[in-house]
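Please have the sequence and the model at hand while reading.

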Amino acid sequence: MECSICVHTSKTKKIIDYNGKKICIDCLTMLKYPPNFEKMKEEVENILYNLKKGNKKYHCILAFSGGKDSVLSLKLLVEKFKLNPLCVMVDNKYIANEAIENALNVTKHYNVDLVILNRDFTNLFEDAIKRGESPCRRCSRLILRDVWRVAKLLNIKYIVTGHELPFGHSAIRDMKEGIKMIRLLTPYKFKEEEKYKMLKDLPWKKPNLGGYTTNCLVLGLALNRFFEKYGFSFEINRIATLVRLGLLSKEKGKKLLEKPEVPEEVYEELRKRGLKI
Ligand SMILES: [Zn+2]
């Protein structure tokens, strides 16, 4: 049984009958408590338009991965809000070379500063892959912790990220010690095609990595291992939410939930960087 709104099936979410329609319980929640994107936009823009009034060197930190969403966020910060962010990239040893090149090229294009912190997440990834589980949550938590430390050190109050899904009903979340995180792309609900169009005039090239990513070398492999264990993608909830909110068509969503083809070069690169697979 399949949800008539998103891409969940009874294998991944409870499906119920709602006014004669089959929908999943997450879609039911959205219908009952629809997120207010206009309000989110107001909150986000209210902060960002006011930041430029300060005379700080860096108005905010941008958690930067070189992937399309963080590059698009940089474009908005500079072009729309006229801000000077400090881009902080955490290289966990498994970022695609193309993504690092993209990061260097785009920050140079905008003449903004980029800090790259070198880390080694080999153990985290090996552990997750061995168990057939998703490494994403732990990886992003560690990255965010590093970015937060830089914000704290430089006394910068806002960390902007390129996430597109809200924290429940807001695009802003309080972090420790008065620092706030802003999911910049959330209020705008850009569709995939729109994003690529907006990046067209920038020195940014899409790498072919397998899975829904433009920077991570590990995702495709991790998705494959999870697939072998559970028979579906660990990205199901995120993709389902994108479809539910209208950011992705159902058809494309389903395609992204298939077991990804990972190019052999990606596996070679993973081994070269020290991952035992
Ligand atoms: Zn649904």
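How many salt bridges does a search of the whole structure find? The search gives 29 salt bridges, a salt bridge being a side-chain nitrogen of Lys or Arg within 4 Å of a carboxyl oxygen of Asp or Glu. The model is predicted, with local features needing pLDDT of at least 70 and side-chain atom pairs counting only at pLDDT 80 or more, while totals for chains, interfaces and linings use all residues. Residues are numbered from 1 along each chain as its sequence is written, and side-chain values use heavy atoms, with hydrogens and water left out.

| Pair | N to O distance |
|---|---|
| Arg119 and Asp146 | 2.8 Å |
| Lys250 and Glu2 | 3.4 Å |

Arg119 lies in the loop between β5 (114-118) and α5 (122-131), and Asp146 in helix α6 (residues 136-154), so the pair ties together parts that are 27 residues apart in sequence. Helices (H or I, at least four residues) and strands (E, at least two) are DSSP runs, numbered from the N terminus.

**The two domains**

The domain assignment, which is automatic or taken from a database, gives domain 1 (1-34) and domain 2 (35-272). Their centres, taken over C-alpha atoms, are separated by 27 Å. Across the boundary, 16 residues of domain 1 are in contact with 17 residues of domain 2, contact meaning heavy atoms within 4.5 Å. Together the domains bury about 1,200 Å², of which 63% is on carbon and sulfur atoms; buried area is the accessible area (1.4 Å probe) that two parts lose on being put together, summed over both. Val7, Met30 and Pro34 supply 40% of the area that domain 1 buries against domain 2, more than any other three residues. Two salt bridges are counted between domain 1 and domain 2. Helix α1 (residues 25-32) gives the most to the side of domain 1 that touches domain 2, with three residues.

**Strands around β8**

Strand β6 (residues 158-161) pairs with strand β8 (residues 180-183) in the parallel sense over four bridges, where pairing requires at least two bridges found by DSSP. Within this pairing, Tyr158 has Lys180 of β8 as its bridge partner. Strand β7 (residues 172-174) runs antiparallel to β8, joined by three bridges, and Asp174 stands opposite Lys180. β7 and β8 form a hairpin with five residues between them, and Glu177 in the turn has a positive phi of about 55°.
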